[in-house]
Amino acid sequence: MGKLKDLAIEFANRSRGPQCSVSKLLGGMSTQDRLELEAELAGAVPASALSEAINKLYGVVVKAHIIGRHRRGECKCPS
């Protein structure tokens, strides 16, 4: 294998980043609220709009880029 491929495989197999604020928020929610948020996370609502809605509804700051990273699976969340 080439150096590039070896390094890419190494990065693909490493642990992902820290638990994100989306996961922390989900963990503290009621079942109904959690299911609603999970549905929106899987949907087409832009991360910036979802961020503003979360901030207003729950009083928790969750930045749009964190929502995007969570959606792409680039955090340590179990989902």
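This is a predicted model: local features need pLDDT of at least 70, side-chain atom pairs count only at pLDDT 80 or more; totals for chains, interfaces and linings use all residues.
1. Residues are numbered from 1 along each chain as its sequence is written, and side-chain values use heavy atoms, with hydrogens and water left out.

2. Helix α3 covers residues 31-42 and helix α4 residues 47-58; their axes come within 12 Å and cross at roughly 165°. Axes here are lines fitted to C-alpha atoms, for helices over the stretch in contact, and angles run from 0 to 180 degrees between N-to-C directions. The two helices are therefore roughly antiparallel to each other. That label is for angles over 145 degrees; under 35 counts as roughly parallel, 65 to 115 as roughly perpendicular and the rest as oblique.

3. Which residues of α3 and α4 meet? From α3 come D33, L37, E40 and L41, and from α4 come L50, I54 and Y58. Sorted by type, the residues of this contact are 5 nonpolar, no polar and 2 charged. Contact means heavy atoms within 4.5 Å. In this sorting, Ala, Val, Leu, Ile, Met, Phe, Trp, Tyr, Cys and Pro count as nonpolar, Asp, Glu, Lys and Arg as charged, and the others, Gly among them, as polar.

4. Next, the neighbouring pair of helices. α4 and α5 pack at an angle of about 115°, with their axes 8 Å apart, and their crossing is right-handed. A47, S48, L50, S51 and I54 of α4 make the contact with A64, I67, G68 and R71 of α5. These residues divide into 5 nonpolar, 3 polar and 1 charged.

5. Two residues of that contact deserve a look. S51, in helix α4, counts as buried because its relative accessibility is 8%; buried means under 20% relative accessible area, exposed over 50% and partly exposed in between, with a 1.4 Å probe and protein chains only. Beyond four places in sequence, S51 touches V62, K63, A64 and I67. R71, in helix α5, is partly exposed at 31% relative accessibility. Leaving aside neighbours within four places in sequence, R71 contacts E40, L41, G43, V45, P46, A47 and L50. R71 and A47 are 24 residues apart in sequence and 9.2 Å apart in space, C-alpha to C-alpha.

6. Now for the core. The largest nonpolar core has 15 residues, of which V22, L37, L41, I54, V62 and I67 touch the most other members. Helices α2 (21-27), α3, α4 and α5 (64-71) each supply at least two residues of this core. A nonpolar core is a set of buried Ala, Val, Leu, Ile, Met, Phe, Trp, Tyr and Cys residues joined through side-chain atoms within 4.5 Å. Not counting residues up to four places away in sequence, I54 touches L25, L37, G59, V60, V62 and I67.

7. In α5, the buried residues are I66, I67, G68 and H70, and they pack against α2, α3 and α4. Just after α5, G73 takes a positive phi of about 75°.

8. For the chain overall, the secondary structure comes to 5 helices and 0 strands. These are DSSP runs numbered from the N terminus, with H or I and at least four residues for helices, and E and at least two for strands. Buried residues make up 24% of the 79 residues.

Technical notes. A crossing is left-handed if the near helix is turned anticlockwise from the far one by less than a right angle, and right-handed if clockwise.
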